[in-house]
Structures are given as structure tokens and as C-alpha cells.
Amino acid sequence: MRYHSYLNTAKNIIENYKGEIPFAVFIKKYFSAKKKYGSKDRKQITALCYNYFRLGKALPQLPIEEKIIIAVFLCERDNNAFLQFHKPNWNEIINNPLEEKCIIANVNLTAVFPYADELSAGIDSHVFNKSFFYQPDLFLRIRPGKKNNTLNKIHEAGINFKLYADDCIALPNAVKVDTIVQVDIEVVVQDYNSQNVLDILKENKHKDGDLQVWDCCAASGGKSILAYDILQGKIKLTVSDIRESILNNLKKRFKTANIKNYQSFIVDLAAQNCQLPLNSYQFIICDAPCTGSGTWSRTPEQLYLFKKKIIDDYSLLQKKIVSNVIPQLKPGGLFVYITCSVFKKENEDVVNHIKEKFNLQLLKMQLLLGYHKKADSMFVAVFKN
């Protein structure tokens, strides 16, 4: 009866989720209102829902219950009690390769993410589609001077990890990092590729005083902290975003990260008559609002609910933002355009828009693929004024 109950509860949750808030927030509120579920029940029901979303656009004709069972078969790699109850013959072969399981379950991988014609150049659509059935790793960036202490704490906790480069750690996604290390003091929770989008700062060492940096779509401030660490605090930092609540959260994070000297302001950078302070900057970070399609293996509900027309909406928004921001760049300054999207209209097309409208030199344009490392995929383009 337990596994019937899990299936019915997951179906009910999926039917009632409309995407207004992140699914992690939605399901937390759901369980807060339903006190009868224990921690084990909540964990298993949550996993069923996330597995279902990982099917994306595939199998639209099937009932939710059938899709949940298929999704468990495709997403899980170890013997599964839920699958043993509902489909024992599949549970016996649950560790088979994904492609074989797709054939058995009659799932067309191409249908999971049916937007191959919209992808940026260089993406293997088949491998990308497969990546949705795997939970990405949790990546940490070790802050300067904190490496030995951080690694010692992780060793003592007995957690398996991979060390990428000198300051990037990959952990299993379920690890509760804040119980082991000091987040934003010793480490920053930041995806593998997100840690690499400002490498231009490492390649072009600034020697004359503090670098004037504007993080124009700062959000939670991850790129600002990255710039601060790369520049070893030799930075004159300005941050902005569209809502006061966003900047309030950023300020709390900066306080923890010991970043004290910075300016901040609220602005809608997509507004036609955008009013900006009379400043100019040597380095502008534009981590633009986007579909987030490079992160959907981390938030598969967005893949499940996605509508193709949204790509054009974001592309237009991004062009408005860069058009308002770039005039603030000083001669000789660098402009870094970043998305966590895999769509050409949000990436190369915006780069072409910048090249056509502004007299900037494109220094590099790079798609940072994450699906080989269980990480997010990102796009970065660097311009010089």
C-alpha cells in the first residue's frame, strides 16, 4: 500500500504544480501543510516527482502514473523498492545503460528536449538529452587561503569528492555543505563552469589600482565574489539588480563573505528610458537573465514546463539590457556577457547584436559544456571597447 500511496501522492503534486515558484519551494510548502508524511516518505515522493520531470516532453500521451514508473526506471541506477513493487522485471535490469532502458520503455531520447534546432553550435544534442536523467554534482569554489582547512574538514566528514584544478570541488548533490564548511567564508557554492566565466581577469592582470567593476545583473552576487577573489580584493565594486529584495539578500551574503566596500543601486536595465548613475567602468559583468536551459538537469521542472516562445522573449530582453549597459564601459574596458543557456538566440545572436550595434572587439566567445562533468552548461563572450 505504501508504494501505491507514493505514486498517488506524486501524481497529485505534479498535477497541482504550475511552475509559479521553484518546485523545491512548492513541495516544501506542500509537506508543511501535510504533516502525516515522515522524512523517508517525503524523500521518496520528492524523488518520484523530480524523476517524472526529467522525462521532459517525452511520452505526452501516457498517464502520469505510468510516466512516473518509467522515469524511475530511467533515472535510478540501483535496486529500487518502488520499482520492484510496480515493475519487478524492470528493477532486475535497472543498472543497464540508459539507451537500452529507453528502448525497453519505448522512450525516444530526442523527444525529451525537442529543441535541437535551437541549440548553440558545438552542443551534442544526444549527449545533452541524456544528461537530463542524471543529477548534477554539487560544486564548491574554495576561497583564497582556505584550501587546506576546507579539504581537511571534508576528509574528516568522510565524504567522497573530486578536486578540479586547485580550488574547485565536486561533491554528491545530497551533501549538506553548511554542516561541514563555512559557506561564503571558506567556500562558495558555485557550479563548475560558473567558476570559469571570469577567467579573462586571470589572463589580464590589472596593475594600476583597484579595478572598477560593475556586476549589472548581480542577483545573489556569486560572480561579484568570484571577481573579488580573483582580484585579491583590489576591486572598486558596484552591483545592481531590478529589485530591492534581491540586493538585500546580496548584502547579507557580502557581509558573510567579508566584502565591505561596494556601491549598489536598483535599476531596470531593460527599460526604454533606463536611468543610470553617471559612472563608467573598466570591467562590466552582464550575467543576463535567461531561460536557464543549461541548468535544467538541476531543475528539471523547468524543462517539463518550458514553452519555446520564451526563447524569443529572453533574447529580446537580453538585447535591451546589453544596449543600456555597454555605453557605461570605459575605453579599453572589458564587457563580459554570460548566460546559463544553450540556445543560440540567447548566445550567438546576442553577440552578433552587440557586434552590429557597438564598436567593440570580440576577444573570445565560448560555450562551456557541463554534461561531461555532471555540471551546468554556460556561455561567455568577452568584448573590449
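Predicted model: local features only at pLDDT ≥ 70, side-chain atom pairs only at ≥ 80, totals over all residues.
**Helix H13**

Let's start with the helix at residues 244-256. With 13 residues at 1.5 Å a residue, H13 should span 18 Å, and its end C-alpha atoms sit 19 Å apart, which agrees. Which residues of H13 are buried? They are Ile246, Leu247, Leu250, Arg253 and Phe254. Looking down the axis of H13, you'd find these buried residues within an arc of 115 degrees, so they line one face of the helix.

| Element covering H13 | Residues |
|---|---|
| Strand E4 | 187-189 |
| Helix H12 | 222-230 |
| Strand E6 | 235-241 |
| Strand E7 | 262-266 |

After H13 comes Asn258, and its phi is positive, near 65 degrees.

**Ser297**

Now for a loop residue. Ser297 is in the loop between strand E8 (281-287) and helix H14 (300-305). Is Ser297 buried or exposed? Its relative accessibility is 8%, and buried means under 20%, so Ser297 counts as buried. Setting aside neighbours within four places in sequence, Ser297 is in contact with Arg54, Ser131, Phe132, Tyr134 and Pro136. Gln135 is worth a look too: Ser297 and Gln135 are 162 residues apart in sequence, but their C-alpha atoms are 6.4 Å apart in space.

Definitions and conventions. Residues numbered from 1 in each chain as written. Heavy atoms only, no water. Helix = DSSP H or I, 4+ residues; strand = E, 2+ residues; numbered from the N terminus. Expected span 1.5 Å × (residues − 1). Buried < 20%, exposed > 50% of the residue type's maximum accessible area, 1.4 Å probe, protein only. Arc of directions from axis to C-beta. Contact = heavy atoms within 4.5 Å.
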